[in-house]
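Biologist: Can you walk me through this model? I'd like strands, rings and pockets, in short answers.

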Amino acid sequence: MYKPKGIVFDMDGVLRVGNKAIPKADEIIKIMKLKNIKGMVSTNECRYTEDEIREELYDLGINIPNEWSIYTAAMAVRDFLKTRIEKNNNKKYYIGIIGETGLFTNINSLSTYDNFIITDEPPKKKLDNIELLLIIGTVNKIKITNLEKGLDWINSGAKIITTCCDTTDPASKGDFNLGMPSHILHLLKYNTKFVRQYSLGKPNPIFKTKIIEVFNNIPIKDILFVGDTLYTDIQLANESGMKSCLVLTGNTKLETIENYVIEPDIIINSIGDLKEYLN
């Protein structure tokens, strides 16, 4: 039987659903610590900071060890932008953001770069050697001001980056939110020219790069990715050379797997069933 040396967990639908912990999630983490199996959390959530996520999970009874990394879609945007502005330090980047605290906090960490400007409104004049980028993240509630801001940036020529390609995700408040980037874009496309976006959420390879960095002494084939969504979690694992494990407590039900080309290596009902792979 396959025995992982490192495990990556998606968060929503795997460790928790809404404001309830998945049964035995904390027990699995304790077993991993006891057996010295390295872990991390990889999520397309972008609304909250790492500290907020740790605190939320702790309040649900899920104690993420301090040595475990938590990597969010907001962090992926930050890392992507950091690489881009360092590579093109002769170009100025004007950044518009639609999102919540977690996204703003991560992107604001790049404000120390002279060629990186975060602003609510795009430049009114056409300036030389600049790039306009509109970052769209998940929001708790879609507001008219979000749409007006998006239209202003798009009509000014901004390129669009989204934090994920998901259409639904269990929200921390226990409901399925309707403020995903795809929903915002859907509304914007009714009022402007056709736009293309680039998603930095899973399965973007930037997540693979981070996972390899975190598990730097573990071969990729010995890393197990546990997720609830075929086209994000399982696709990322399969295309990266990791073993993939689908749990049925989130977005994917057993009968829907037949409709996808993407196949998980392992299917379990819930995270507690991982125990047999840890002994």
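Modeller: Start with β4. Five of its six residues are buried, so β4 is largely enclosed by the rest of the structure. Buried means under 20% relative accessible area, exposed over 50%, partly exposed in between, with a 1.4 Å probe and protein chains only. Strands are DSSP runs of E with at least two residues, helices are runs of H or I with at least four, and both are numbered from the N terminus. This is a predicted model, where local features need pLDDT of at least 70, side-chain atom pairs count only at pLDDT 80 or more, and totals for chains, interfaces and linings use all residues. Residues are numbered from 1 along each chain as its sequence is written, and side-chain values use heavy atoms, with hydrogens and water left out.

Biologist: Which strand does β4 pair with in the parallel sense over four bridges, β5 or another?

Modeller: β4 (residues 38-43) pairs that way with β5 (residues 69-72). Two strands pair if DSSP finds at least two bridges between them. S42 stands opposite Y71 in β5. T43 faces T72 of β5. The chain gets from β4 to β5 through helix α2 (residues 50-59), in a right-handed β-α-β crossover. Right-handed means that, with the strands pointing away from the viewer, the path from the first strand over the helix to the second runs clockwise.

Biologist: And what joins β1 to β4?

Modeller: Four bridges, with β1 (residues 6-9) and β4 running parallel. V8 has M40 in β4 as its bridge partner.

Biologist: Switching to rings. How many aromatic pairs are there?

Modeller: Three aromatic pairs. The rule: rings of Phe, Tyr and Trp (its six-membered ring) pair if their centres lie within 6.5 Å; planes under 30 degrees apart count as stacked, over 60 as edge-to-face and the rest as tilted. One of them is Y71 with F207, with centres 5.2 Å apart and planes at 80°, so this pair is edge-to-face. The pair links distant parts of the chain, Y71 in β5 and F207 in helix α7 (residues 205-214), 136 residues apart.

Biologist: Are Y71 and F207 buried or exposed?

Modeller: Y71 is buried, at 2% relative accessible area. F207 is buried too, at 1%.

Biologist: Why is the pair of F80 and Y198 called tilted?

Modeller: The ring centres of F80 and Y198 are 5.7 Å apart and the planes sit at 45°, so the pair is tilted. F80 is in helix α3 (residues 73-87) and Y198 in strand β10 (residues 197-199), 118 residues apart. Y198 counts as partly exposed, at 40% relative accessibility.

Biologist: Now pockets. How much space is in the largest pocket?

Modeller: About 220 Å³. On a 1 Å grid over the protein atoms alone, a pocket is an open set of points where a 1.4 Å probe fits, with protein on both sides within 12 Å along at least five of seven lines; lining residues have an atom within 4 Å of a point. The volume is the space filled by probe spheres set on the points.

Biologist: Which strand gives the most to the lining?

Modeller: Strand β8 (residues 130-136), with three residues. The lining includes K124, K125, K126 and E131.
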